[in-house]
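Visitor: I'd like to go through this one with you, starting with the strands and then moving on to the helices. Could you bring it up?

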Amino acid sequence: MNPNFTIPKFRLPTFIASLGQKLPQWPHALALVAGLNAALKMKLLPEDELTALEDKLFRVRVLDTGGEASYTYRGGLFRPVFRPEREPDLAFAANLSAYLQLLARQEDPDTLFFNRELEITGDTELGLIVKNMLDAVEWPKLSDRLPLLRH
Amino acid sequence: MSSLPELICPAGSLPALKAAVDNGADAVYLGFKNDTNARNFAGLNFDQKTMSEGIRYAHAKGREILLAINTFPQAGRVADWQKAVDAAVDQNVDAIILADVGLLDYARNRHPQQRLHLSVQGSATSYEAINFCQREFGIRRAVLPRVLTLAQVEHVIKNTTVEIEVFGFGSLCVMNEGRCWLSSYACGESPNTVGACSPAKYVKWDKQPGTMETRLNGILIDRFGDDEPAGYPTLCKGRFEVEGETYYALEEPTSLNVLSILPEIIKIGVKAIKVEGRQRSPAYVTQVTRTLRAALDSLANGSERFHVKPAWQAELSKVSEGSQATLGAYNRPWR
């Protein structure tokens with residue numbers, strides 16, 4: 001990853017969100033789950049923490065694209081949930097730029113949370129487990145294998 | 001001009017440790033994945049394997065690893081804390097940071113060659129207390145609680161041969177370090193007992209249109225408007241109604257930032273500057289380490305032309321709790 005590349009804070013125009021909400025949500029969920037399962041396959045996620053995720057329902061909402069993805073972790077795999085029938089155990093909501101900044105390790109989730117750019121609701125301890133689990137992943141190995149994460 | 005103080009940075013994970021080393025920390029402090037340290041949060045900290053790898057990484061680049069065993073052994077479980085000390089020695093850490101006098105005594109007798117630091121949780125604010133720990137346990141360094149003015153820090157330094165470490169950046173709480181029970185008041189658990197202030201399982205963020213409420217074990221801590229900065233969900237940073245007025249009755253969410261008084265801190269002979277935040281992500285460690293390294297390096301040739309660059313201030317303000325910073329007690333006119 002180019003160390004000089006920085007992702008600016010931005011917000012997409014509001015019409016994109018209203019458009020995005022009308023589009024099918026399954027591609028987001030599939031892409032997200034594929035990424036997480038790739039990390040699983042490379043044994044990047046610690047087993048102790050993964051057991052805490054079993055059968056939990058997660059929702060990631062991208063505010064300025066109007067997209068959202070729900071997924072769960074069951075039997076050693078992340079699985080998309082296309083029509084969630086209950087409130088998620090843990091929900092994230094932020095603009096696209098905040099997620100990109102988190103993914104690139106450019107910003108710290110606490111910073112985004114303090115500045116109200118990242119919303120975390122639901123089971124707070126589960127949120128902390130997920131956050132710390134992702135923080136502990138040595139992403140460069142992942143970005144070597146996932147061309148999408150290369151810059 | 002005294003020599004530059006060491007920069008001591010936090011790590012809650014291997015990527016954070018590597019970020020600290022790569023961005024110029026002289027030493028990185030860590031904790032085990034259990035309640036022997038005061039950042040015992042789910043998924044955080046080091047098991048034996050990741051710690052060994054981290055130590056190898058730091059030592060290969062000539063940096064030190066300090067291990068915090070800074071909670072107090074609980075009744076019936078003293079052996080768990082003693083085992084942590086033994087494990088730290090086995091890991092070949094450069095120093096162990098201890099708070100409890102019983103544990104200091106154990107470490108001193110069992111591992112006389114091991115370098116020991118007195119933790120901020122040991123709550124030693126006077127040179128008498130520090131010199132006592134030097135005489136009895138052979139401590140080589142003490143981390144001062146964040147309650148002293150700069151003049152008081154200088155007074156301590158002048159009256160001890162123990163190295164003095166002070167905090168330079170990070171979240172502030174009520175700073176009753178090692179003695180705070182506010183978290184226990186709300187939920188029966190505190191840093192001293194379980195290694196975590198306001199454990200996450202008691203925290204609830206409740207988002208409603210236009211507001212967000214924070215509750216700790218059901219107690220309403222704060223209510224934020226959509227544009228207001230948020231802080232950690234601790235009692236000391238809540239807004240409460242006192243005699244008809246609702247305000248931050250104990251303390252506002254804020255971070256300590258000593259950039260503007262770095263020359264004075266160096267001048268009085270501080271040996272090391274510590275950054276708070278083992279619970280934060282590698283991104284935070286990178287940003288804060290990089291900034292303080294640049295500021296310290298700019299002082300290497302004297303302080304006459306030192307000025308705080310706006311970019312440093314902007315970088316640190318961004319990661320601050322409540323998005324604001326203070327000099328804390330250092331520049332307090334009263335004692």
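Guide: One term before we start: two strands pair if DSSP finds at least two bridges between them. Please keep in mind as well that this is a predicted model.

Visitor: With that in hand, how many bridges join E4(A) to E5(A), and do they run parallel or antiparallel?

Guide: Strand E4 of chain A, residues 90–94, is joined to E5(A) by five bridges, and the two strands run antiparallel. Within that pairing, Ala93(A) has Glu119(A) in E5(A) as its bridge partner.

Visitor: And what order do the strands of the sheet come in?

Guide: The order in chain A is E3-E2-E1-E4-E5, an open sheet of five strands in which the pairing is mixed. Strand E3 (77–80) and strand E5 (118–122) of chain A each have a single partner strand, so they stand at the edges, with one side of each left without a neighbour in the sheet. From one strand to the next, the twist averages 20 degrees.

Visitor: Which strands pair in the parallel sense, then?

Guide: E1(A) and E4(A) do, over five bridges, and there Val62(A) stands opposite Ala94(A) of E4(A). E1(A) and E2(A), on the other hand, run antiparallel and are joined by six bridges, with Thr72(A) in E2(A) as the bridge partner of Leu57(A).

Visitor: What sits between E1(A) and E2(A)?

Guide: Four residues separate them in a hairpin, and Gly66(A) in the turn has a positive phi of about 75 degrees.

Visitor: Which helix lies across E1, E2 and E3 of chain A?

Guide: That is helix H2 of chain A, residues 26–41, which lies across strand E1 (57–62), strand E2 (67–74) and E3, and runs at about 180 degrees to E3(A). Chain A has seven helices and five strands, and 34% of its 151 residues count as buried. Among its contacts between residues at least 6 apart in sequence, 73% join residues at least 24 apart.

Visitor: Changing topic, how many residues of chain A are in contact with chain B?

Guide: On the chain A side there are 24 residues, in contact with 30 residues of chain B. Helix H5 (109–114), E5 and helix H6 (124–135) of chain A each supply at least two residues of that side, and H6(A) gives the largest share, seven residues. By class, the side of chain A that touches chain B has eight nonpolar, six polar and ten charged residues.

Visitor: Over to chain B: at what angle do H10(B) and H11(B) pack?

Guide: Helix H10 (residues 282–298) and helix H11 (residues 310–319) of chain B pack at an angle of about 150 degrees, with their axes 10 Å apart. Angles over 145 degrees count as roughly antiparallel, and H10(B) and H11(B) are therefore roughly antiparallel to each other. Their crossing is left-handed.

Visitor: Which residues meet there?

Guide: From H10(B), Tyr284(B), Gln287(B), Val288(B), Thr291(B), Ala294(B) and Ala295(B) meet Trp312(B), Glu315(B), Leu316(B) and Val319(B) in H11(B). The residues of this contact divide into seven nonpolar, two polar and one charged.

Visitor: And how far apart are the axes of H1(B) and H2(B)?

Guide: The axes of helix H1 (residues 14–22) and helix H2 (residues 48–60) of chain B are 10 Å apart, and the helices pack at an angle of about 10 degrees, which makes H1(B) roughly parallel to H2(B). By class, their contact has five nonpolar, two polar and two charged residues.

Terms used: Residues are numbered from 1 along each chain as its sequence is written. Chains are lettered from A and ligands numbered from 1 in the order in which they are written. This is a predicted model: local features need pLDDT of at least 70, side-chain atom pairs count only at pLDDT 80 or more; totals for chains, interfaces and linings use all residues. Axes are lines fitted to C-alpha atoms, for helices over the stretch in contact, and angles run from 0 to 180 degrees between N-to-C directions. Angles under 35 degrees count as roughly parallel, over 145 as roughly antiparallel, 65 to 115 as roughly perpendicular and the rest as oblique. Ala, Val, Leu, Ile, Met, Phe, Trp, Tyr, Cys and Pro count as nonpolar, Asp, Glu, Lys and Arg as charged, and the others, Gly among them, as polar. Two residues are in contact if their C-beta atoms, placed from the backbone, lie within 7 Å. A residue is buried if 20 or more other C-beta atoms lie within 10 Å of its own, exposed if 12 or fewer, and partly exposed in between; C-beta atoms are placed from the backbone. A crossing is left-handed if the near helix is turned anticlockwise from the far one by less than a right angle, and right-handed if clockwise.
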